[in-house]
Amino acid sequence: MELMKAIAMRKSTRSYKPEQISDESLDIILKAGCAAPVGMGAYNSMHMTVIQNSDLLEKFTNEARKTFKNPNMNPFYGAPTLVVVSGKQNEKAPAVEVANAACIVENMALAATDFGLGSVYLLGFLFAISANTELLKKLNLPDGFVPAAALAIGYPTEPLTKVKELKQTIEVNVIK
Ligand SMILES: Cc1cc2nc3c(=O)[nH]c(=O)nc-3n(C[C@H](O)[C@H](O)[C@H](O)COP(=O)(O)O)c2cc1C
């Protein structure tokens with residue numbers, strides 16, 4: 001798929017089939033994430049955790065339901081794979097780990113689109129699990145790393161077919 005087509009086809013998928021994605025697709029998606037730009041080239045300041053364990057996804061779901069007081073909340077929309085991107089905070093570059101994670105997540109979302117897979121950038125549930133040290137431990141993160149963004153991936157219930165028109169949705173001012 002051409003890059004511009006993948007950009008126009010990517011959308012937040014909020015309904016997934018239970019079928020798992022292949023290890024081959026996952027491997028390429030993770031490598032696409034690793035090809036993203038990272039501040040100061042500090043790739044060792046970032047970390048990715050792939051979660052395909054339904055018990056852990058359920059624990060995270062329950063925590064999000066409690067935090068957001070919404071017993072029907074389905075933060076992963078049934079996606080069978082979740083990639084949590086974590087980073088080391090750097091006081092000389094505030095929020096650099098969040099910026100890095102955003103680049104990594106978007107690269108992975110575009111790669112997933114290229115495979116016809118659905119994906120959705122997730123932040124809400126991370127607020128819930130980040131406040132629960134016991135759950136945070138389940139990510140097995142190296143010391144000093146904090147979750148910064150996540151991407152749910154899976155087969156969409158409805159195949160991705162729509163190529164959206166690229167529009168100026170963000171206001172721009174041009175200085176010449
Ligand atoms: C930083 C960030 C956080 C987001 N968090 C969530 C989230 O927690 N849950 C969710 O369903 N979508 C989340 N989204 C997806 C946005 O709602 C979505 O990208 C936006 O509405 C545009 O729609 P599109 O992705 O279909 O183009 C997030 C997106 C970004 C960039």
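How far is the sulfur of Cys103 from the closest cysteine sulfur, and in which residue does that closest sulfur lie? In this predicted model, the sulfur of Cys103 is 13 Å from its closest counterpart, which belongs to Cys34, and this separation is too far for a bond. A disulfide is a covalent bond between the sulfur atoms of two cysteines. Because a pair of cysteine sulfur atoms is counted as a disulfide when the two lie within 2.5 Å, the distance of 13 Å between Cys103 and Cys34 is too far to qualify. The count of disulfides accordingly stands at zero, and Cys34, for which the nearest cysteine sulfur is that of Cys103, takes part in none.

The aromatic residues were examined next. Two aromatic pairs are counted in the model. Phe60 and Phe125 make up a tilted pair, in which the ring centres are 6.1 Å apart and the planes stand at 35 degrees to one another. Since Phe60 belongs to helix α3, which covers residues 54–67, and Phe125 to helix α5, which covers residues 124–130, this pair ties together parts of the chain that are 65 residues apart in sequence. Phe60 has a relative accessible area of 0% and is therefore buried, while Phe125, at 2% relative accessibility, also counts as buried. Because Phe76 is placed in the loop between α3 and β2 (81–88), whereas Phe125 is in helix α5, the pair ties together parts that are 49 residues apart in sequence. Both Phe76 and Phe125 are buried. Through these ring pairs, Phe60, Phe76 and Phe125 are linked into a cluster.

Attention then turned to the ligand. The residues that surround the ligand are Arg10, Lys11, Ser12, Arg14, Tyr77, Val120, Tyr121, Leu122, Leu123, Gly124 and Lys164. By class, this shell divides into five nonpolar, two polar and four charged residues. Strand β3, which spans residues 118–122, supplies the largest share of the shell, namely three residues. For Tyr121, a backbone N or O atom lies 3.1 Å from a nitrogen atom of the ligand. For Leu123, a backbone N or O atom is found 3.2 Å from an oxygen atom of the ligand, and for Gly124 the corresponding distance from a backbone N or O atom to a ligand oxygen atom is 2.9 Å. Taken on its own, the ligand has 620 Å² of accessible area, of which the protein covers 55%.

A further pair of positions concerns strand β2, in which Lys88 lies. Lys88 counts as partly exposed, at 40% relative accessibility. Between Lys88 and Ala148 the separation is 60 residues in sequence, and their C-alpha atoms are 9.3 Å apart in space.

Notes: Residues numbered from 1 in each chain as written. Predicted model: local features only at pLDDT ≥ 70, side-chain atom pairs only at ≥ 80, totals over all residues. Heavy atoms only, no water. Phe/Tyr/Trp six-rings, centres within 6.5 Å; stacked < 30°, edge-to-face > 60°. Helix = DSSP H or I, 4+ residues; strand = E, 2+ residues; numbered from the N terminus. Buried < 20%, exposed > 50% of the residue type's maximum accessible area, 1.4 Å probe, protein only. Near = heavy atom within 4 Å. Polar contact = N/O pair within 3.5 Å; in protein donor to acceptor, adjacent residues only side chain to side chain. Areas by Shrake-Rupley, 256 points an atom, 1.4 Å probe, with all protein chains shown as cover. Nonpolar A, V, L, I, M, F, W, Y, C, P; charged D, E, K, R; others polar.
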